[in-house]
Amino acid sequence: MARTMAEKVWEEHVVRRADGEPDLLYIDLHLVHEVTSPQAFEGLRLAGRSVRRPDLTIATEDHNVPTQDLLAPIADPVSRKQVETLRKNCSDFGVRLHPMGDIDQGVVHVVGPQLGLTQPGMTVVCGDSHTSTHGAFGALAFGIGTSQVEHVLATQTLTMAPFKTMSVTVDGTLRPGVSAKDIILAVIAKIGTGGGQGYVIEYRGEVIEALSMEARMTVCNMSIEAGARAGMIAPDQTTFDYIEGRPHAPKGADFDAAVEHWKSLRTDEGAVFDAEVVLDADELSPFVTWGTNPGQGVPLDGSVPDPASYEDPSARAAAEKALAYMDLKAGTPMREVRVDTVFLGSCTNGRIEDLRTAAEIIRGRRVAEGVRMLVVPGSMRVKEQANEEGLGRVFEEAGAEWREAGCSMCLGMNPDQLKPGERSASTSNRNFEGRQGRGGRTHLVSPQVAAATAVRGTLSSPADLVAQ
Amino acid sequence: MEKFDVHTGRAVPLRASNVDTDQIIPAVYLKRVSRTGFEDGLFAEWRKSDPDFVLNRPEYQDASVLVAGPDFGTGSSREHAVWALQDHGFRVVLSSRFADIFRGNALKGGLLAVLLPQEVIDRLWEAVEADPATEVTVDLVEREVRSPAANVREPFELDDYTRWRLLEGLDDIALTLRHTDAIGAFESTRKSWLPVTL
Ligand code: SF4
């Protein structure tokens, strides 16, 4: 029977199947960070259990870490405690850790692919919802809770009921200035923040096939913002080229054997998805959010919607609440919204391509008066590469702050936070109330829009700069 | 894990959709390394900024059933959201739609996340708002929610396996460790070129 890619990967990992029970699924790679793991390790200790496969587990420090003055001790005692706890746990249980200061430290979803640990057809989990990022390689990758983290540490498996499958096909051609971020924001606005619930989404179509690996990761990263458990993209030559030569990639004959296998994972002709969505890329333009969930977005050319225009009373109430929180008036053109902070970074848009794109726009220009721009590379390797290419200089000369790697203002667990009432244009993935700091207001944007906004001080696209 | 069979308690009406886990417990409260003590973070922002927020109202103080709007628990996978609800004393969350990860986390940890039609949620909201002493019974044995005062007697779905696990209060890891042989056998068939981290 014709099968989808998600079904094939699932079937290859079933350890045990019994009537009336969820499947027992094998996990190929477990990524660990300091926030969702302490209670899991504590649980192992209490039960006298060990980590079954430390060699399939890897840890990094990202959510709490400061992005400047790395040599000073972490100022916040509770953040410091979490980081220290992770270090102790990794050393006690024999798990490899990339701590602050290590060249492979960074946001967990940037580190895995960069090391070549994320490969097609694998099952990848992490106690973090944006694990969906790794699906860009054709892996089945999903976020789990701390109890499941403990379960994977102890058994290298998870008990799970199968997902449903959804295809999102993006056909046509992207207009200049429209990026992967705009594709996924448009998908979420179309199907809603709950539209993907229970599904693994496979992104397909000529536009997706033409995307680079990094852009594919941006798309898959935000699958969770549509409620989906995972996003996937079929592996192809772009994928193989990206993996080849990375530290953990298969070598020589192994690589050829791997590619053979990876090619077999594509969704079969005639396979049926449980749901299908189609998007026309020709209609897409740079997208920005106006509200407090990632589904509340409009094209940058548009304006703040009128809550009265929603028929569904709960959507109307949500829009009213969001506008009050965001301090926005219905009908205001998005281009007139002024920001005081621009955040370029996160596991959505903190990779080298994102930095290149933004630097290209900022080069020779200045960050607007009264605007603070934070550029936070996704990993220390990304930072090193950016410095080699001179991108760090470009940001600094424009007046932006060029920081060290971490999650930073994506969730504001470290000192990088918005103050109450401050407004940001952010390349991260969540615009929830208070996500970037108590009382802070977030507009989700692409790296292109972030860079142009930094220069003009109001939400803008690169085209607005040319016109200036 | 505490066993769950039949629970009767008072309920809190949370009339909001898309309550994400950043609202249930903001990130700054995630820094503890223990498994308990998260109640101070529960809805911390809303409790601080809005004196009328339901959880601030004295009449809902001892409630153990949260009646939530659709798309409850979206966003971050933080299991702390479940712990914070439990630490506060909740044993059940009722909603017409849950985010998958939240529901999974809740059911793993013994917090019963029960799906009900929105129309039933509406009726419960009205009854509980009219009289905060209204009791709601969540019966896992019969898979049924009952509240005579709200004129509710509604079956709910939960798969047999999860139901059995919750009724017995069984730890998932111990259950899986019974199948160590199968895991070992599977491992011997894995492709040799798959990556290792050490
Ligand atoms: S960058 Fe943001 S979304 Fe990504 S792992 Fe860190 S906190 Fe989560």
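Buried denotes under 20% relative accessible area, exposed over 50%, and partly exposed the range in between, with a 1.4 Å probe and protein chains only. The views are drawn from a predicted model, in which local features require pLDDT of at least 70 and side-chain atom pairs count only at pLDDT 80 or more, while totals for chains, interfaces and linings use all residues. Residues are numbered from 1 along each chain as its sequence is written, chains are lettered from A and ligands numbered from 1 in the order in which they are written, and side-chain values use heavy atoms, with hydrogens and water left out.

View 1. Helices (H or I, at least four residues) and strands (E, at least two) are DSSP runs, numbered from the N terminus. Seven of the nine residues of helix 3 of chain B are buried, so this helix is largely enclosed by the rest of the structure. The buried residues are B:His80, B:Ala81, B:Val82, B:Trp83, B:Ala84, B:Leu85 and B:His88. After the helix comes B:Gly89, with a positive phi near 115°.

View 2. B:His80 belongs to helix 3 (residues 80-88) of chain B and counts as buried because its relative accessibility is 0%. Contact means heavy atoms within 4.5 Å. With residues up to four places away in sequence not counted, B:His80 touches A:Val35, A:Thr36 and A:Gln39 of chain A, and B:Ile25, B:Leu30 and B:Phe38 of chain B. Between B:His80 and B:Tyr29 the C-alpha to C-alpha distance is 8.8 Å, for 51 residues of separation in sequence.

**View 3. The annotated span of chain B.** UniProt, in an unreviewed entry, places the feature "domain: Aconitase A/isopropylmalate dehydratase small subunit swivel" at residues 1-118 of chain B. UniProt positions follow the numbering used here, feature names are shortened, and annotations may be inferred rather than shown by experiment. The end C-alpha atoms of residues 1-118 of chain B are 30 Å apart, and the span is 25% helix and 18% strand.

**View 4. An open parallel sheet in chain A.** Two strands pair if DSSP finds at least two bridges between them. Four strands of chain A form an open sheet in the order 11-10-9-12, with parallel pairing. Strand 11 (230-232) and strand 12 (275-280) of chain A stand at the edges with a single partner strand each, so one side of each has no neighbour in the sheet. From one strand to the next, the twist averages 20°; axes are lines fitted to C-alpha atoms, for helices over the stretch in contact, and angles run from 0 to 180 degrees between N-to-C directions. Six bridges join strand 9 (residues 164-171) and strand 12 of chain A in the parallel sense, and A:Ser167 has A:Glu276 of strand 12 as its bridge partner.

**View 5. Helix 1 of chain A and the segment before it.** Helix 1 (residues 5-12) of chain A lies across strand 9, strand 10 (199-204) and strand 11 of chain A, and runs at about 110° to strand 11. A:Thr4 is placed in the segment before helix 1 of chain A. A relative accessibility of 0% is why A:Thr4 counts as buried. Apart from neighbours within four places in sequence, A:Thr4 is in contact with A:Thr165, A:Thr267, A:Ala271, A:Val272 and A:Phe273.

**View 6. A:Gln156 in a loop of chain A.** The loop between helix 5 (146-155) and strand 8 (157-160) of chain A holds A:Gln156. A:Gln156 is buried, at 0% relative accessibility. Residues up to four places away in sequence aside, A:Gln156 touches A:Leu25, A:Tyr26, A:Ile27, A:Asp28, A:Arg52, A:Arg53, A:Leu56, A:Thr57 and A:His151. A:Gly101, 55 residues from A:Gln156 in sequence, is 29 Å away in space, C-alpha to C-alpha. A:Gln156 is not a glycine, yet its phi is positive, about 60°. Most residues other than glycine have a negative phi.

**View 7. A:Ser346 in helix 12 of chain A.** A:Ser346 is located in helix 12 (residues 346-349) of chain A. A:Ser346 is not a glycine, but has a positive phi of about 85°. With a relative accessible area of 1%, A:Ser346 is buried.
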